[in-house]
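This briefing covers the fold, the cross-links and the surface of one protein model. The sequence and structure come first, and the notes follow by topic.

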Amino acid sequence: MGAFLLSGCAHTGVMVLEKGQKEPLMGSATGSLVSGTFEVSNSKGIKCSGKYDPLTQDPMLDVTMKCNDGRTGVARVLRTGSNLKDGSGFGTLSDGTEVKILLGNMIHYAGAEGYWHKD
């Protein structure tokens, strides 16, 4: 989710984990010179989409999202890796649900111990 390349489009995988839920929302982000968008969904029919600034080279990215169940939210993602396509961050949905966002290769660490286990 970010300023990947300054020519053409760039895609990366996205996973959104809702605290207290077992099934993540999964999808992809697409960045171009015109827009930065992402879409994620799960098998329960929950879909969320969002926007971000695709041209920023800042590793810290602010993301807005809207879900088909009426919830909205904001998150901050710290991007890393080549072309800033990997990263992770946290946010909150309008109903108070905390979310963890993973990008690119960070998706492979979704089950790692850490923040979610500090209740």
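The side chains of arginine 71 and aspartate 95 meet in a salt bridge, with N and O 3.6 Å apart; a salt bridge here is a side-chain nitrogen of Lys or Arg within 4 Å of a carboxyl oxygen of Asp or Glu. Arginine 71 lies in the loop between strand 5 and strand 6 and aspartate 95 in the loop between strand 7 (86–93) and strand 8, so the pair ties together parts that are 24 residues apart in sequence. Salt bridges with shared partners join Glu18, Asp69, Arg71 and Asp95 into one network.

The model is predicted: local features need pLDDT of at least 70, side-chain atom pairs count only at pLDDT 80 or more, and totals for chains, interfaces and linings use all residues. Residues are numbered from 1 along each chain as its sequence is written, and side-chain values use heavy atoms, with hydrogens and water left out.

**Salt bridges**

- A search of the whole structure finds five salt bridges.
- Arginine 71 also forms a salt bridge with glutamate 18, the closest N and O atoms being 2.8 Å apart. Because arginine 71 is in the loop between strand 5 and strand 6 and glutamate 18 is in strand 1, this pair ties together parts that are 53 residues apart in sequence.
- Arginine 71 counts as buried at 10% relative accessibility, whereas aspartate 95 counts as partly exposed at 47%. Buried means under 20% relative accessible area, exposed over 50%, and partly exposed in between (1.4 Å probe, protein chains only).
- Glutamate 18 is buried, as is arginine 71.
- Glutamate 98 forms a salt bridge with lysine 19, with 3.9 Å between the closest N and O atoms. Glutamate 98 lies in strand 8 (residues 98–103) and lysine 19 in the loop between strand 1 and strand 2, so the pair ties together parts that are 79 residues apart in sequence.
- Both ends of that pair are partly exposed: glutamate 98 has a relative accessible area of 29%, and lysine 19 has one of 28%.

**Barrel**

- The protein has zero helices and eight strands; helices (H or I, at least four residues) and strands (E, at least two) are DSSP runs, numbered from the N terminus.
- The eight strands close into a barrel in the order 1-2-3-4-5-6-7-8, with antiparallel pairing. The twist averages 25° from one strand to the next, where axes are lines fitted to C-alpha atoms and angles run from 0 to 180 degrees between N-to-C directions.
- Two strands pair if DSSP finds at least two bridges between them.

- Seven bridges join strand 1 (residues 10–18) to strand 2 in an antiparallel arrangement. Histidine 11 stands opposite threonine 30 in strand 2.
- The hairpin of strand 1 and strand 2 has six residues between the strands, and glycine 20 takes a positive phi near 90° there.
- Strand 2 (residues 25–31) runs antiparallel to strand 3 (residues 36–41), joined by six bridges. Threonine 30 stands opposite threonine 37, and alanine 29 stands opposite phenylalanine 38.
- Four residues separate strand 2 and strand 3 in their hairpin.

- Four bridges join strand 4 (residues 47–52) to strand 5, and the two run antiparallel. The bridge partner of serine 49 in strand 5 is lysine 66.
- Methionine 60 has leucine 78 as its bridge partner in strand 6.
- The hairpin of strand 5 and strand 6 has four residues between the strands, and in this hairpin glycine 70 takes a positive phi near 95°.

**Disulfide**

- A search of the whole structure finds one disulfide, defined as a pair of cysteine sulfur atoms within 2.5 Å.
- The disulfide joins cysteine 48 to cysteine 67, S to S 2.0 Å. Cysteine 48 is in strand 4 and cysteine 67 in strand 5, 19 residues apart.
- The torsion about the S-S bond is about 100°, so the disulfide is right-handed.
- Cysteine 48 counts as buried at 7% relative accessibility, and cysteine 67 is buried at 5%.

**Whole protein**

- Of the 119 residues, 42% count as buried.
- The accessible surface comes to about 6,500 Å², of which 54% belongs to carbon and sulfur atoms; areas come from the Shrake-Rupley method with a 1.4 Å probe.
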